[in-house]
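This report describes the fold of one protein chain and then looks at a few of its parts.

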Amino acid sequence: MADIAAVPLTPTSPPHGTLARAERFVWLTARVLEQRLFAHHFRDGAAGPVETALEAYRNADGGYGHALEPALRGPASLPAHTARALHVLDSVARCDARRSEDICRYLTSVSTTEGALTAIPPEAALPAVRPAGSGDGAVRLPGALSATAPAVGLLHRNEVWHPWLFRATDFCWQAVESLEAARPGDVAAAVLFLDHAPDRARAEAAAERLGRLVRRERLVVLDPDAPGARPTASTAPGCAPGHAPGDRRFPHDYARTPDSLARAWFTDAETERSLDVLAAEQQADGGWPARRLPGAPEPAPAALLEARPIATIEALRTLAAYGRSLA
């Protein structure tokens with residue numbers, strides 16, 4: 001594979017194509033980590049440079065901090081940063097046993113007695129923040145599915161086994177199977193868990209029930225052309241009927257790839273309309289808008305700038321997974 005340094009600034013795809021515009025945006029605005037990720041996924045870049053860039057965010061406790069998840073500033077390790085690190089390692093096939101052991105050691109230290117990870121504390125944006133339960137007498141926050149399920153799902157995807165993972169898996173099963181009045185962020189996290197949970201029959205049954213819930217509670221926009229389905233000057237950004245600001249979700253937000261269990265929730269026509277919306281969200285500068293991290297403080301301008309390349313890479317990967325042309 002070619003090293004990222006060999007990637008030409010002038011791409012081989014049409015200069016005004018989707019990928020070329022996104023590449024220019026990434027080179028002009030992204031952190032080194034996202035530049036390396038883009039090169040790996042779309043320009044045959046090696047996985048090693050991605051690992052090297054990610055290492056700068058790792059702390060001695062095995063967790064990750066230093067604004068790896070851009071909405072959360074400060075150096076302290078947090079579950080959201082560590083889930084982001086797992087996502088990066090998984091995407092470049094480098095979630096090996098040694099790295100997973102360090103991560104699980106950190107997650108064990110900050111989890112509840114049930115093995116659950118806590119939601120984002122309000123003070124997480126402060127430079128001196130310490131995670132709840134870090135040994136300084138702080139009171140632990142309740143465990144949250146949205147914080148726990150992504151990490152558990154990715155660890156299962158990479159066939160990692162650790163004592164903490166058994167407890168965390170049981171927590172996720174209980175939380176997923178008891179969801180009734182879910183928020184879109186909880187559902188998206190549940191899908192990440194169900195897509196990779198070892199008990200496939202149980203996962204398929206839970207996903208089927210969750211899909212009915214999503215449609216019944218209108219937690220997804222199925223008709224992008226319906227009044228209110230897209231934000232206007234008179235509505236909050238990202239708001240749709242029945243949705244809180246920032247919680248607007250389309251089918252592709254749940255089924256990020258065609259092999260996701262959530263894909264069965266939607267018809268082919270609904271999925272294609274959803275992908276049309278995703279493709280159309282590419283902005284004039286070549287990047288995609290970033291969604292606010294649930295529970296995080298209002299993002300600073302720097303955080304928004306760092307989050308958009310992440311959203312751009314994820315949008316491109318989803319479009320490519322469904323066979324959409326990026327030319």
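**Whole chain**

The model is predicted. Its chain contains 12 helices and 0 strands, so read along the sequence the pattern is α-α-α-α-α-α-α-α-α-α-α-α. Of the 327 residues, 54% are buried. Among contacts with a separation of 6 or more, 64% join residues 24 or more positions apart. The accessible surface of the chain is about 14700 Å², and carbon and sulfur atoms supply 57% of that area.

| Helix | Residues | Length | Span | Expected span at 1.5 Å a residue |
|---|---|---|---|---|
| α4 | 79-91 | 13 residues | 18 Å | 18 Å |

Helix α4 is largely enclosed by the rest of the structure, because 11 of its 13 residues are buried. Those buried residues are Pro79, His81, Thr82, Ala83, Arg84, Ala85, Leu86, Val88, Leu89, Asp90 and Ser91. Their cover includes α2 (32-42), α3 (48-55), α5 (97-110), α6 (145-157) and α12. After α4 comes alanine 93, which has a positive phi near 55 degrees. Just after α12, glycine 323 likewise has a positive phi, of about 80 degrees.

**The pair α1 and α12**

Two packed helices are described by the angle and the distance between their axes. For α1 (residues 18-29) and α12, the axes come within 10 Å and cross at roughly 155 degrees. This angle makes α1 roughly antiparallel to α12, since angles over 145 degrees count as such. The crossing of α1 past α12 is left-handed. On the α1 side, the contact is made by Thr18, Leu19, Ala22, Phe25 and Thr29. On the α12 side, it is made by Leu305, Arg308, Pro309, Thr312 and Leu316.

**Alanine 279**

Which helix holds alanine 279? Alanine 279 lies in α11 (residues 268-280). Its relative accessibility is 34%, so alanine 279 counts as partly exposed; the range for that class runs between 20% and 50%. Leaving aside residues up to four places away in sequence, alanine 279 touches Trp288 and Leu319.

Key: Residues numbered from 1 in each chain as written. Predicted model: local features only at pLDDT ≥ 70, side-chain atom pairs only at ≥ 80, totals over all residues. Heavy atoms only, no water. Helix = DSSP H or I, 4+ residues; strand = E, 2+ residues; numbered from the N terminus. Buried < 20%, exposed > 50% of the residue type's maximum accessible area, 1.4 Å probe, protein only. Contact = heavy atoms within 4.5 Å. Areas by Shrake-Rupley, 256 points an atom, 1.4 Å probe, with all protein chains shown as cover. Axes fitted to C-alpha atoms, helices over the stretch in contact; angles between N-to-C directions. Parallel < 35°, antiparallel > 145°, perpendicular 65-115°, else oblique. Left-handed = near helix turned anticlockwise from the far one by under 90°. Expected span 1.5 Å × (residues − 1).
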